[in-house]
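Trainee: I would like to go through the labels used for this model and test each one against its definition.
Mentor: Then put the structure up and start.

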Amino acid sequence: MLPFPAPDRPFAALALGELLECLMTQPGEQLRTTKQWQSHLGGTEANVMAALIIFGHRTGLITAVPKDEPIGDWAIDELRRLRVSDDYAVRRPGARLGMYRMAPGFAPNEDDVRYDRGNTAFLSLTPDDIPDSASGAAQVFHTSGVTLALSQPIRDLHRFLLEKMKRTGTLISVDFNYRNKLWGPQGGETAAKAVFERVLPQVDYFNLAVESAQKTFGIGESAPEMICRRLYDTYGVPVLSLTNRQGDAFQAYMYEGATGTFAASDAYMGLPRMGRTGSGDAFVAGVLGALLRGDGPKAAIDYGAAFAAIKCTLMGDVLQVSLSQVERLMLRARGGVTGDTSNR
């Protein structure tokens, strides 16, 4: 599908993204009343890089953390525990680590999330912080709309890296991942669309939700295949994927522009809300991981959907399971497993 560089590069994937400390309430508690917090590492690009390791791919993160501070050491320790390389993690003196507080929502309530991302180490990154070796170090370079929403200097840094990566043949992956709390003060979906329209001509794989395609990009279609075709005709991105959540149901779609190939994933019903955080990142990892090993559109979109579905059953930001667990779920989704499926 995609002409990835040869797999002799140090990394299958590198990403640009911020590391965050997540403080989560106990299930059923509110931010204003909780007395106990669960702490774990978060950050959308880190989530994708960590989940790619399920396939055995080597990944790394271009980021920054506080230097000579326990919270910075903790973030790097956690990144290493997830087996994501910190070779391109900058230690910044006198800086702080971003964080967010979250009370998981159970139907009919939504998750309650409050960000604290001002004046962080990541926001201080400049092109001078990134070694030249990064530009040809990976087969694919990934980022998301979360990172592109953080500031104009970060968008400039992404453009700098994207151009350097493209010159070395690195493929470019972007997840739209719209967050109104980040884009809203800058002009909302109109601002996000303007930024992405400058980025998309250089992107090889682009993921977004059906709702985003319709609302943000003004695609006046309802059928997923027609949405993909309109996006391809408008922006020319070689490979597109769409995600579609309807209540507790999830399905995804992939389109390869050069051949006109369209594929729909297995559908998953009855997914719990408790582990939805990070499920979109897991989806992107499932798709990218399959594409990196040479799978076609149908297999790639099925892996993405299965990664997202199994993440919905697990708390925390990062999907940490075995590939065999994912593939058992895929077999059940298409009716290939009968009898006792409890793994007892």
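Trainee: What makes up the lining of the largest cavity, by class?
Mentor: Five nonpolar, one polar and two charged residues. Ala, Val, Leu, Ile, Met, Phe, Trp, Tyr, Cys and Pro count as nonpolar, Asp, Glu, Lys and Arg as charged, and the others, Gly among them, as polar. The lining residues are Ile130, Pro131, Asp132, Ala134, Ser135, Phe160, Leu161 and Lys164.

Trainee: What is called a cavity here, and what a pocket?
Mentor: On a 1 Å grid over the protein atoms alone, a cavity is a set of points where a 1.4 Å probe fits but cannot get out. A pocket is an open set with protein on both sides within 12 Å along at least five of seven lines, and lining residues have an atom within 4 Å of a point. The structure holds one cavity of 30 Å³ or more, and about 40 Å³ of space lies in the largest cavity. A volume is the space filled by probe spheres set on the points, which are joined across faces, edges and corners.

Trainee: What is the volume of the largest pocket, and which residues lie nearest its centre?
Mentor: The volume is about 1,500 Å³. Of its 45 lining residues, Asn177, Tyr178, Arg179, Arg245 and Arg276 lie nearest the centre. By class, that lining has 13 nonpolar, 16 polar and 16 charged residues.

Trainee: How do you know how far to trust the coordinates?
Mentor: The model is predicted: local features need pLDDT of at least 70, side-chain atom pairs count only at pLDDT 80 or more, and totals for chains, interfaces and linings use all residues. Residues are numbered from 1 along each chain as its sequence is written, and side-chain values use heavy atoms, with hydrogens and water left out. pLDDT, the predictor's confidence in each residue from 0 to 100, averages 93 over the protein, and 96% of the residues score at least 70. Over residues 337–341 the pLDDT is below 50. Where pLDDT is low, the predicted coordinates should not be read in detail.

Trainee: Why is helix α1 described as largely enclosed by the rest of the structure?
Mentor: Buried means under 20% relative accessible area (1.4 Å probe, protein chains only). Nine of the nine residues of α1 (residues 44–52) are buried, so the description holds.

Trainee: What span should helix α10 have?
Mentor: The expected span is 1.5 Å times one less than the number of residues. For the 15 residues of α10 (residues 297–311) that gives 21 Å, and the end C-alpha atoms are 21 Å apart, which agrees.

Key. Contact means heavy atoms within 4.5 Å. Buried means under 20% relative accessible area, exposed over 50%, partly exposed in between (1.4 Å probe, protein chains only). Helices (H or I, at least four residues) and strands (E, at least two) are DSSP runs, numbered from the N terminus.
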